[in-house]
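Here is a short briefing for a reader who is new to this structure. Have the sequence and the 3D view open while reading.

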Amino acid sequence: MSPVARRQLLALLALAPAASFGVGRPAGAAAWTRLFHDLESARLIGRAVLESHPDLGSAETIRERLRLRHAVLQELLDDTPDRPPASALAPALAEAIAADFAAHRTLTVTGWVLSRSEAELCALVHLA
Amino acid sequence: MLIDSRSLPEATRIEADIAIVGGGAAGIAIAREFIGGGLRVALLESGGLDYDDDTQDLYVGEVTGNPSIALDASRLRYLGGTSNHWAGYCRPLDEADLNPRPWVPHSGWPITRVSLDPYYRRAHPVLQLVSDDYRPASWTGQMPPVFTSPVMRDPLRPVIFQQSPPTRLGSAYRAELDQAANLAVYLWANLTEIVTDEGTALVRHLAMACLDGRRFTVEARHVVLATGGVENARLLLCSNRQAEAGLGNGHDLVGRYFMDHPAYPAATILLNQPSTIARAPADQIIDVLCGIDPAVEERERLLRFVTAVQPVPPPEGEEAGYVALRELTRNLRRGIWPNDLMGRLGTVLADLDGTTSGFYNRFFASPELLRLRVHIEVAPNPESRVTLIDERDALGLNRVRLDWRLTELDRLSLRRNLEIVGAAFGARGFGRLQLADWLLEEPFAIPGNGSYHHVGTTRMSDDPRTGVVDRDCRVHGMRNLFIAGSSVFPTEGFANPTLTIVALGLRLADHLKSLHA
């Protein structure tokens, strides 16, 4: 089981600063990948998520589940490059994460209690 | 008056209206209630006024099952009993603790929480508590900021504990006990057998012995066993001359349902950014922990739970010097002169490094991690028990084996409660929770040594098939034998037991007075 380092979680928690969005992302990358301040950390967390919860399914399954669960993520998950603006993404995800935690939709990954949506987004990064 | 039993003539026969076995928190609280009254009370204490190796050795026993501190280390056997090393945390049980809970087997007290109110009120001054107010709203200025932040809204909530100095009842009330005309405190007096009539309905006398071989007897109209959660069961089981299984044990309940409070660091919160939100105010005199709304516990079918939320590194733990300094200043702030001032000052001076680092962490550090140190209820479990073993102590009594066994409900509740805490911190955008590694084992054992809270071995129930004592703490089937202490608790809640031990002791004293009226 790949442990999730505290440093990686800190990087995940830092997915807010709008100024850092998209830094180092290839042009045309899917919108949701630009959420992560540190894409490598998200990928490592995603690997741990899938190792801990192999039943999460394929990327498409995960994407569909996210869409159904959170309408606010709809645009985010559309693989339309550079739309919507990066600065608009963080509040939608923060809303989804808060809603997950409030509804106790959590996944425990190597001891970390993560919101299901953030864990699944990390899994998507790993699968991308 | 205080009497050295070793100076009594051999085979002395002592008569009293009430004999109380055990000079700890329960025994002293009960005895004080009779001072100045018309009843003659004998308080029988195994030890003297200070620690003694040979007397302490009478506590030696085996421990199996979940890790628990050695039985001769968790308790103290001299006047004041285990109050000589308790930490002073006080909180009444909640209504939810006494109610029957369908998801907790063997739960439910035969008395209501509201019926304990007057006794809790009276218990507070006994333990030198300056307030009996446990409403979080009364103490917001005393809380670290995290406890007044949005994260503590539904389902989390602050849970207030009052802090006793802590009162060492033996030294705090020694002069009062010594001066009481109708009360005799027999030191170095060990109960070796509760001798009954043939039908085991009536205690005829108590067979007593000193470690020097002297023997004497005590005859009393009513007898109270107040020797702690392990010894109460042990003495009933050892008194097996008339009843082979021991007194009060017609339904094989004595010694069963043992509980303690697992207490251990169980998770950390990784904050979004370094913060001082868990830093306690410098003038704090209460303790505040994080609990969960009882309605949520009911909906999720969980046991009771609280956790400390502390900066990492915490301002306590290894830093004994800082802990001693904090307790000193807290007491002085309350206007209480610590009764072991020199000992605490010595700890501060002997651990200057810990004192300094604890002080720095408390007032200057901005950690990115918070530590959750849980203090949890476990479910009553008949397989968790105290039994006699063949080995005997210096007085010829069988020693005991403590086999503390946790249940699946204990494990599920702990983990789920922590997930609920983690979800609350996540939902309010404070950070993420990580469970301790040992919680990821399947099944996991809870590390640590318990909290020295020995509960449940002579549980209270109106039905003799499900309890050793009735609602008046009288042993079922016996007319004049009563039990005081946490051994009568059917469930333990998360609160430290001493306040409830004293409250139930005062209640029992009132009942005994009514019997003599």
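Predicted model: local features only at pLDDT ≥ 70, side-chain atom pairs only at ≥ 80, totals over all residues.

In chain B, strand 11 (residues 263–271) and strand 17 (residues 431–435) run antiparallel and are joined by five bridges. Residues are numbered from 1 along each chain as its sequence is written, chains are lettered from A and ligands numbered from 1 in the order in which they are written, and side-chain values use heavy atoms, with hydrogens and water left out.

**Terms for strands and helices**

- Helices (H or I, at least four residues) and strands (E, at least two) are DSSP runs, numbered from the N terminus.
- Two strands pair if DSSP finds at least two bridges between them.
- Strands of a sheet pair through backbone hydrogen bonds, either parallel or antiparallel.

- Between strand 11 and strand 17 of chain B, Leu271(B) stands opposite Gly431(B).
- Strand 2 of chain A pairs with strand 17 of chain B in the antiparallel sense, over two bridges.
- Gln434(B), in strand 17 of chain B, is the bridge partner of Trp112(A).

**Helices across this sheet**

**Where the chains meet**

- 19 residues of chain B are in contact with 17 residues of chain A (contact means heavy atoms within 4.5 Å).
- In chain B, Leu270(B), Arg432(B) and Gln434(B) lose the most area to chain A, together 37% of what that side buries.
- The area buried between the two chains is about 1700 Å², and carbon and sulfur atoms give 64% of it (buried area is the accessible area, with a 1.4 Å probe, that two parts lose on being put together, summed over both).
- One salt bridge is counted between chain B and chain A (a side-chain nitrogen of Lys or Arg within 4 Å of a carboxyl oxygen of Asp or Glu).
- Arg432(B) forms a salt bridge with Glu118(A), with the closest N and O atoms 2.7 Å apart.
- Strand 11, helix 13 and strand 17 of chain B are the elements that give two or more residues to the side of chain B that touches chain A.
- Helix 13 of chain B gives the most to that side, with eight residues.

**The three-stranded sheet**

- Three strands of chain B form an open sheet with mixed pairing, in the order 4-16-15.
- Strand 4 (62–65) and strand 15 (385–392) of chain B are the edge strands, and each pairs on one side only.
- The twist averages 30 degrees from one strand to the next.
- Strand 4 and strand 16 (residues 398–404) of chain B pair in the parallel sense over four bridges.
- Asp403(B), in strand 16 of chain B, is the bridge partner of Thr64(B).
- Helix 8 (residues 231–238) of chain B packs on this sheet and touches strand 15 and strand 16 of chain B.

**A link across the sequence**

- Over all chains, the structure holds 45 salt bridges.
- One of them joins the side chains of Arg385(B) and Asp252(B), at 3.8 Å from N to O.
- Arg385(B) lies in strand 15 of chain B and Asp252(B) in the loop between helix 8 and strand 11 of chain B, so the pair ties together parts that are 133 residues apart in sequence.

**Backbone details**

- Most residues other than glycine have a negative phi, and most peptide bonds are trans.
- The peptide bond from Asp154(B) to Pro155(B) is cis, with omega near 10 degrees.
- The peptide bond from Pro165(B) to Pro166(B) is also cis, with omega near 0 degrees.
- Thr110(A) has a positive phi, near 40 degrees, and is found in the loop between strand 1 and strand 2 of chain A.

Methods
Axes fitted to C-alpha atoms, helices over the stretch in contact; angles between N-to-C directions.
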